[in-house]
Amino acid sequence: MSTLQHPATGPAAPATVTEATTTLRDGRGGAGRASRKAKPPVDGRKPKRSGLLTAVMIVFVVYSFAPLFYLLVNSTKTQSSLLSTFGLWFGGDFNLWQNIVETVTYNDGIFLQWFGNTLLYVVVGAGGATLLATVAGYGMAKFSFPGRRAVFAVVLGAIAVPGTALAVPTFLLFSQVGLTNTPWAIILPSLISPFGMYLIWTYAVDAIPAELLEAARMDGAGEFRIFFTIALRLLAPGVVTVLLFAVVATWNNYFLPLIMLSDPKWYPLTVGLNQWNAQATGSGAQPIYNLVVTGSLLTIIPIVVAFLFLQRFWQSGLAAGSVKA
């Protein structure tokens, strides 16, 4: 009998046809992969390097980090040295810790109250805006209903309208119902995020397969259960992206609190620090520029931490759905 028909047994048994073919194929595949990795570019040219683009990127990096460096350097100076030394380098005694203590204790610790107000507006406003945008965007992407095109047109139109153009009409409306000079005057407008809804909408179209939703419905799952157990997990990168945008927009919100609030105890950090800055003008001027700079440095730390922590989710959220199989 041929060995191909009756393979021998034992430690020294020769390989069967299938095993030999598999080994040969794997060997060729490995050699092919090795040769492909070792192959130089087809045209034989090295990747191009542009000195002009490198210079532009360097200028862009310096332009982006110069304000942060300015805050860090000048937060270490006293009020007198801040006005008498070069702004982009250290000068005099290192006074960072003393400036931080004075910032958080000045005027009975009003800075900490402004910080708490900002956290309140961000957690409730930005968090609520993210939740509403996620629910609405998912519904627009996965359900068909009359007037869907009209809603799409309204959302696009809302994205095109700047927030500052709506500040005065919003103030007039809230003054009629008695909500000005209250936290609701900041929280309620922050709950509306047309851009966040549009982003979730476009992301959910490709991120959630329709077949998966149909399979869940056939298994008897309700729409709310499908959303919270299946869809929300698939939408996680997009949700984090919308959350990051909403947090930054609410944290840096200035014009709306400026016209809505008159009681300093409800100020966010943006309006409060501007009030400190305004103390340097007028007949009874009391300049505290060192506290304004230090307060600004403390203000941006949470945003920097949020960007560093959510960066990987943010990048994946922007790139997801851009390539189809």
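L96 is found in helix α4; helices (H or I, at least four residues) and strands (E, at least two) are DSSP runs, numbered from the N terminus. In sequence L96 and V73 are 23 residues apart, and their C-alpha atoms are 9.0 Å apart in space. With neighbours within four places in sequence left aside, L96 is in contact with S75, T76 and L297, where contact means heavy atoms within 4.5 Å.

The model is a predicted one, in which local features need pLDDT of at least 70 and side-chain atom pairs count only at pLDDT 80 or more, while totals for chains, interfaces and linings use all residues. Residues are numbered from 1 along each chain as its sequence is written, and side-chain values use heavy atoms, with hydrogens and water left out.

Helix α4 covers residues 96–142 and also holds D108. D108 is not a glycine, yet has a positive phi of about 60°. The relative accessible area of D108 is 80%, so this residue is exposed; buried means under 20% relative accessible area, exposed over 50%, and partly exposed in between (1.4 Å probe, protein chains only). N181 likewise has a positive phi of about 60° without being a glycine. N181 sits in the loop between α6 (163–177) and α7, and at 25% relative accessibility N181 counts as partly exposed.

For the chain as a whole, there are 14 helices and zero strands. Buried residues make up 29% of its 325 residues. Of the contacts with a separation of 6 or more, 70% are between residues 24 or more positions apart.

The loop between α7 (184–190) and α8 contains L191. L191 and G128 are 63 residues apart along the chain, but their C-alpha atoms are separated by 5.6 Å. Apart from neighbours within four places in sequence, L191 is in contact with V124, G125, G128, A129 and L132.

The expected span of a helix is 1.5 Å times one less than its number of residues. At 1.5 Å a residue, the 14 residues of α8 should span 20 Å, and the end C-alpha atoms are 20 Å apart, which agrees. Within α8, the buried residues are G196, M197, I200, W201, Y203 and A204.

How is the packing of two helices described? Two packed helices are described by the angle between their axes and the distance between the axes. Axes are lines fitted to C-alpha atoms, for helices over the stretch in contact, and angles run from 0 to 180 degrees between N-to-C directions.

Helix α5 (residues 148–160) and helix α8 (residues 194–207) have axes that come within 8 Å and cross at roughly 130°. The two are therefore oblique to each other; angles under 35 degrees count as roughly parallel, over 145 as roughly antiparallel, 65 to 115 as roughly perpendicular and the rest as oblique. The crossing of α5 past α8 is left-handed, the term for a near helix turned anticlockwise from the far one by less than a right angle, with right-handed used if clockwise. On the α5 side the contact is made by R148, V151, F152, V155, L156, A158 and I159, and on the α8 side by P194, F195, M197, Y198 and W201. These residues divide into 11 nonpolar, no polar and one charged. Ala, Val, Leu, Ile, Met, Phe, Trp, Tyr, Cys and Pro count as nonpolar, Asp, Glu, Lys and Arg as charged, and the others, Gly among them, as polar.

α8 also packs with helix α11 (residues 236–251), at an angle of about 165° and with the axes 10 Å apart. α8 and α11 are therefore roughly antiparallel to each other, and their crossing is right-handed. From α8, the residues F195, G196, L199, I200 and Y203 make the contact, and from α11 P237, G238, V239, T241, V242 and F245. By class, this contact of α8 with α11 has eight nonpolar, three polar and no charged residues.

Another pair is helix α9 (residues 210–218) and helix α10 (residues 223–234), which pack at an angle of about 145° with their axes 11 Å apart. α9 passes α10 in a right-handed crossing. L212, L213, A216 and R217 of α9 meet E223, I226, I230 and L234 of α10 in the contact. The contact of α9 with α10 has six nonpolar, no polar and two charged residues.
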